[in-house]
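Have a look at the structure first, then read on.

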Amino acid sequence: MTSPATTTVYESVVTQVGEQVEAFLAHGLLIFFADGSPAELHDISVLHTASTAVDGPRPGDTVHVGDTSLEVLAVGDVVGDNLLNLGHLDLKADGRSQAKLPGDVCVRKGDLPLLAVGDTFRITRSAGEEGSP
Amino acid sequence: MSDYKSVTVSKGRGGWGGPLTITPTSEKPLIASITGGGIHPVAQRIAELTGGEAFDGFKSSAPFDKIAVAVIDCGGTARVGVYPMKKVKTVDIHATSPAGPLAQFITEDLFVSGVKTEDVQES
């Protein structure tokens with residue numbers, strides 16, 4: 001999926017997967033928080049440590065979760081701040097072209113992968129994409 | 001400080017739930033700011049008016065049973081449910097309504113949203 005003209009705007013490694021993450025996948029939802037976020041969020045979250053944090057996702061970007069690549073269809077208003085400040089992202093497999101909630105990152109309907117410790121979480125942007133430098 | 005005062009937190013424009021009355025106690029003195037970029041002004045104002053102790057939930061952790069109120073800047077899915085699920089009163093800066101897998105826990109007596117500093121008033 002990665003072409004030479006693609007830049008990585010966010011890259012991270014999974015450090016912990018909460019006990020309730022699988023239950024949330026059944027709702028088409030995958031929640032990320034940075035390592036070091038409050039303990040009460042750990043059950044529902046994939047925790048991770050970012051090595052690259054340049055920008056939040058935009059429509060047209062690709063989110064890579066483990067071996068799965070997903071096109072970003074829509075992004076809510078607070079997504080960028082959430083990701084860059086808190087390492088927080090709500091990935092929703094709802095197929096929407098308009099985010100329903102301000103924290104949503106919408107991708108196609110269908111299964112989201114259950115991540116494991118050591119998997120990568122990455123957002124890439126192709127150079128020809130609207131909004132790229 | 002043992003004399004705590006109460007504040008009423010009302011929903012802001014486009015918000016949902018509440019109003020909540022927040023009264024810290026010596027058992028629950030903490031105004032938890034579970035927000036990006038330090039202690040949020042809404043948490044700071046609640047702390048100043050009540051005499052509670054504001055703290056940054058992303059810098060330090062505290063047991064749930066010490067938290068009088070959690071101030072969050074949640075985009076609608078995760079944090080909106082986690083604190084109400086634990087019966088912790090929750091104030092969301094963003095104007096969200098109950099949604100997500102934890103929506104069942106988000107009730108008007110535990111949750112208020114769309115809150116700005118002017119929506120926090122002495123009771």
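Are Asp104(A) and Lys92(A) buried or exposed? Both Asp104(A) and Lys92(A) are buried. Keep in mind as you explore that this is a predicted model.

Side chains of opposite charge can pair when their charged atoms come close. Across all chains, the structure has seven salt bridges.

## A network in chain A

Next stop: Asp55(A) and Arg58(A), whose side chains also meet in a salt bridge, at 3.4 Å from N to O. Asp55(A) has a relative accessible area of 22%, so it is partly exposed. Arg58(A) counts as partly exposed too, because its relative accessibility is 29%.

Salt bridges link Asp55(A), Arg58(A), Asp61(A) and Arg125(A) into a network.

## A charged pair in chain B

Now hop over to chain B. How far apart are the closest N and O atoms of Arg79(B) and Asp73(B) in their salt bridge? They are 2.7 Å apart.

Buried means under 20% relative accessible area. Arg79(B) counts as buried because its relative accessibility is 0%. Asp73(B) is buried as well, with a relative accessible area of 14%.

## The sheet in chain B

Chain B also has an open sheet built from five strands, in the order S4-S3-S5-S6-S7, and their pairing is parallel. At the edges you'll find strand S4 (53-56) and strand S7 (111-113) of chain B, each of which pairs on one side only. On average, neighbouring strands of this sheet are turned by 20 degrees against each other, ignoring direction.

Zoom in on one pairing: strand S5 (residues 67-72) and strand S6 (residues 90-92) of chain B run in the parallel sense and are joined over three bridges. And which residue in S6(B) is the bridge partner of Ile72(B)? That partner is Asp92(B).

## A helix across the strands

Finally, look for helix H1 (residues 41-50) of chain B. Helix H1 lies across strands S3 (30-34), S4, S5 and S6 of chain B. Relative to S3(B), helix H1 of chain B runs at about 175 degrees.

Key: Residues are numbered from 1 along each chain as its sequence is written. Chains are lettered from A and ligands numbered from 1 in the order in which they are written. This is a predicted model: local features need pLDDT of at least 70, side-chain atom pairs count only at pLDDT 80 or more; totals for chains, interfaces and linings use all residues. Side-chain values use heavy atoms; hydrogens and water are left out. Two strands pair if DSSP finds at least two bridges between them. Helices (H or I, at least four residues) and strands (E, at least two) are DSSP runs, numbered from the N terminus. Axes are lines fitted to C-alpha atoms, for helices over the stretch in contact, and angles run from 0 to 180 degrees between N-to-C directions. Contact means heavy atoms within 4.5 Å. A salt bridge is a side-chain nitrogen of Lys or Arg within 4 Å of a carboxyl oxygen of Asp or Glu. Buried means under 20% relative accessible area, exposed over 50%, partly exposed in between (1.4 Å probe, protein chains only).
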